[in-house]
Amino acid sequence: KQGGIAALDLATGEKRWSRNIPTLVHSSPAYAKRRGLVVVGSTEGVVYAFDAKSGEPQWTYKTDGAVRAGFSIDEERGFVCFGSEDKHIYVLDTRDGARVHAIETLEPVYSTPFARDGKLYCGLLDKRIIRIDLTSGAVEWVFWTSSRVFSMPMIADDRLYAGGNDGRLYELDPETGRETGFFQATERIVNAIAYNPRTKRFFVPTYANELYCLKRDDSAEHD
């Protein structure tokens, strides 16, 4: 009935510290290395930041909806990025939790965003995949899918990939948002996909307890 966060010693499994949180915690914690912070969300809409070594509270930020998904850290700018069920994507300063940007969406956000090279990519329950400029907070492009997007986007070999509730793995040009390819599975793709850069294989889990191993067909035309 109560949430919390704990830090464990990787070598021994011994608990180093733990902190209680008044409501349930569904999101995975994220580590901001330059600041030495761990951040985590809660169903009351509060994001908590703790010192990673000691567990001492550093700051909190309150949204108007549950924060259930994970976080993306932009180490270069010192930003932490996440979505809330109050229909916003937030960008905060890791130093003090001050709000840098709040980008409004059409529906609640239940996807972990992906930050790279000053850009933030996010799948949305309003059926869009979007790219946000982290400096200005402006939405630079929008790609409409045919279903809600829960899965976290990722970039592999200069292409953006994200799964949808329509069972489709979308491949987009990260600069333009143009679709360059896809794979159609039999069920929803709601979790993050994995990529092995050495073998160039994608691993895609679906809601039907299937796991696909895919290789991009570079010989095909991707219009």
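The structure is a predicted model, in which local features need pLDDT of at least 70 and side-chain atom pairs count only at pLDDT 80 or more, while totals for chains, interfaces and linings use all residues. Residues are numbered from 1 along each chain as its sequence is written, and side-chain values use heavy atoms, with hydrogens and water left out.

A pair of aromatic rings is described by the distance of the centres and the angle of the planes. Rings of Phe, Tyr and Trp (for Trp, its six-membered ring) are taken to pair if their centres lie within 6.5 Å, and planes under 30 degrees apart count as stacked, those over 60 as edge-to-face and the rest as tilted. By this criterion, a search of the whole structure finds 12 aromatic pairs. One of them is formed by Tyr-48 and Phe-50, whose ring centres are 6.2 Å apart and whose planes stand at 10°, so the pair is stacked. Both Tyr-48 and Phe-50 are buried, where buried means under 20% relative accessible area, exposed over 50% and partly exposed in between, with a 1.4 Å probe and protein chains only. For Tyr-195 and Phe-202, the ring centres are 4.5 Å apart and the planes are at 40°, so this pair is tilted. Tyr-195 is buried at a relative accessible area of 19%, and Phe-202 is buried at 6%. Ring pairs also link Tyr-61, Phe-71, Phe-82 and Tyr-90 into a cluster.

Charges over ring faces were assigned where NZ of Lys or CZ of Arg is within 6 Å of the ring centre and within 35 degrees of the ring normal. Arg-168 lies over the face of Phe-182, at 3.6 Å from the ring centre, and Arg-188 lies over the face of Tyr-207, at 3.9 Å from the ring centre.

Glu-76 and Arg-34 are 42 residues apart in sequence, yet 8.8 Å apart in space from C-alpha to C-alpha.

Most residues other than glycine have a negative phi. Lys-127, although not a glycine, has a positive phi of about 80°; this residue is found in the loop between strand S12 (119-123) and strand S13 (128-133) and, at 38% relative accessibility, counts as partly exposed. Asp-157, also not a glycine, has a positive phi of about 50°, lies in the loop between strand S15 (154-156) and strand S16 (159-163), and counts as partly exposed at 48% relative accessibility.

Two strands are held to pair if DSSP finds at least two bridges between them. An open sheet of 4 strands has the order S11-S12-S13-S14, with antiparallel pairing. Strand S11 (114-116) and strand S14 (139-144) stand at the edges, each with a single partner strand, so one side of each is left without a neighbour in the sheet. Within this sheet, S12 and S13 run antiparallel and are joined by 5 bridges, and the bridge partner of Tyr-121 in S13 is Arg-131.

Definitions and conventions. Helix = DSSP H or I, 4+ residues; strand = E, 2+ residues; numbered from the N terminus.
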